[in-house]
Amino acid sequence: MPEGHTVHRLARLQRRRFVGTPVAVSSPQGRFATDAEIVDGRVLEAVEAHGKHLFQVYEADLVVHVHLGLWGRFPNRRVPAPEPRGQVRMRIEGPTHYADLRGPSACALFTDVEVKALRARLGPDPLRADADPEEAWRRISRSRAPLATLLMDQSVIAGLGNVFRAETLFRCRIPPLLPGRELGRERFDALWADLTDMLRAGERQGRIETVRGPSGDQPDGGGARGTDHGNSSCAGSVYAYRRTGRPCLVCGTPIARTTHAARNLFWCPTCQA
DNA sequence: TGAGTATGTTCAG
DNA sequence: TGAACCTACTCAT
């Protein structure tokens, strides 16, 4: 689940539900206990997302940094909060809602300097108003690395993961192994626009739907829908992601899969020739 | 009940 | 490049 759109959606929800009031922060599991004590009872001032990173700002030098990694979950629910069950790294509780953080790859208290250092390593995030696509273009247009590698590199574009990589390369008809320097400005602009659209839709809907219907942007519910590939909760209707061997929704060619830099890569050999 | 799998990142070699 | 981190879910037995 957690690509950039998930984290931005989370930030928006937490802004609405926790910002501006004192919150109770604890670590039922214990691994965040010392830091939780420091922010417990303080007023949460802001919640920000950059790529897949979430920042809960209490003061300039009191920022809780969360990265969900592959398995992390941070569901927001209405109070009253029940007794924590299982491994809850952090619980945050406000007047109307609480949220239990489970399985994150990172959850730690950061200073302002640490936040800045981390963000300096991240490329522009299409979901942020301050994103500058020129930064991504500079990196891509000078690189010999394939687009499949560049799009997963958080210092090139922040917030993309494997699903969005597969889908944007398909929708833009780009061969995954095309070197960045051979992409060209026009195709880069189309790619950036497509990514922005998909991420925004994903943030709005809370899931990834990328198949365009015949009359616009509505998913058509075609061959990609269903539970037979077991990932309906993460990608509703998609063109390529985890559709290995199934016919391309556009041309019928079986979707191909390979392992690229230790990650699954999916594409249509005809549409993305 | 146990094996297999996954949308991510970091570090050692 | 591979291992480690660490969680929830699906599927086969």
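# Notebook: a predicted protein model with DNA strand C

I began with the DNA and noted that, of the atoms of DNA strand C within 4 Å of the protein, 53% belong to sugar or phosphate and the rest to bases. The model is predicted, so I kept its conditions in view: local features need pLDDT of at least 70, side-chain atom pairs count only at pLDDT 80 or more, and totals for chains, interfaces and linings use all residues. Residues are numbered from 1 along each chain as its sequence is written, chains are lettered from A and ligands numbered from 1 in the order in which they are written, and side-chain values use heavy atoms, with hydrogens and water left out.

**Entry 1: the surroundings of DNA strand C**

I looked up which residues are around DNA strand C and found Gln29, Arg31, Trp71, Gln87, Arg102 and Gly103. A residue is near a strand if one of its heavy atoms lies within 4 Å of it. I sorted this surface into 1 nonpolar, 3 polar and 2 charged residues. Here Ala, Val, Leu, Ile, Met, Phe, Trp, Tyr, Cys and Pro count as nonpolar, Asp, Glu, Lys and Arg as charged, and the others, Gly among them, as polar.

I then checked two atom pairs. An N or O atom in the side chain of arginine 31 is 2.9 Å from a phosphate oxygen of DNA strand C.

**Entry 2: helix α1**

I turned to helix α1, residues 4-18. Helices (H or I, at least four residues) and strands (E, at least two) are DSSP runs, numbered from the N terminus. The 15 residues of α1 reach 21 Å from the first C-alpha to the last, close to the 21 Å expected at 1.5 Å a residue. The expected span is 1.5 Å times one less than the number of residues.

Among the buried residues of α1 I listed His5, Val7, Leu10, Leu13 and Phe18. Buried means under 20% relative accessible area, exposed over 50%, and partly exposed in between (1.4 Å probe, protein chains only). Just after α1, I noted that glycine 20 takes a positive phi of about 95 degrees.

**Entry 3: an open sheet**

I traced an open sheet of 4 strands in the order β1-β6-β7-β5, with antiparallel pairing. Strands β1 (24-26) and β5 (76-78) stand at the edges, each with a single partner strand, so one side of each is left without a neighbour in the sheet. Two strands pair if DSSP finds at least two bridges between them.

Within this sheet, β6 (residues 90-93) and β7 (residues 97-101) run antiparallel and are joined by 4 bridges. Arginine 91 stands opposite aspartate 100 in β7.

Is strand β3 largely enclosed or left open? I found 5 of the 7 residues of β3 (residues 53-59) buried, so the strand is largely enclosed by the rest of the structure.

Strand β2 (residues 46-50) pairs with β3 in the antiparallel sense over 5 bridges. The two form a hairpin with 2 residues between them, and glycine 51 in the turn has a positive phi of about 60 degrees. Strand β3 is also joined to β4 (residues 62-67), running antiparallel, by 6 bridges. This hairpin, too, has 2 residues between its strands.

I followed valine 57 through both pairings: this residue is the bridge partner of alanine 46 and stands opposite valine 63 in β4.

Where is aspartate 194 placed? I found aspartate 194 in helix α7, where it counts as buried at 7% relative accessibility. Its side chain makes a polar contact of 2.7 Å with the side chain of arginine 171. Such a contact is a pair of N or O atoms within 3.5 Å; within protein, one must be able to donate a hydrogen and the other to accept it, and residues adjacent in sequence count only if both atoms are side-chain atoms.

Threonine 210 lies in the loop between α7 (185-205) and β9 (256-260) and is buried, with a relative accessible area of 2%.

**Entry 4: backbone exceptions**

Most residues other than glycine have a negative phi, and most peptide bonds are trans. I recorded a cis peptide bond joining valine 79 and proline 80, with omega about 5 degrees. Arginine 242 has a positive phi of about 55 degrees and is partly exposed at 37%. Alanine 261 has a positive phi near 50 degrees and is exposed at 64%.
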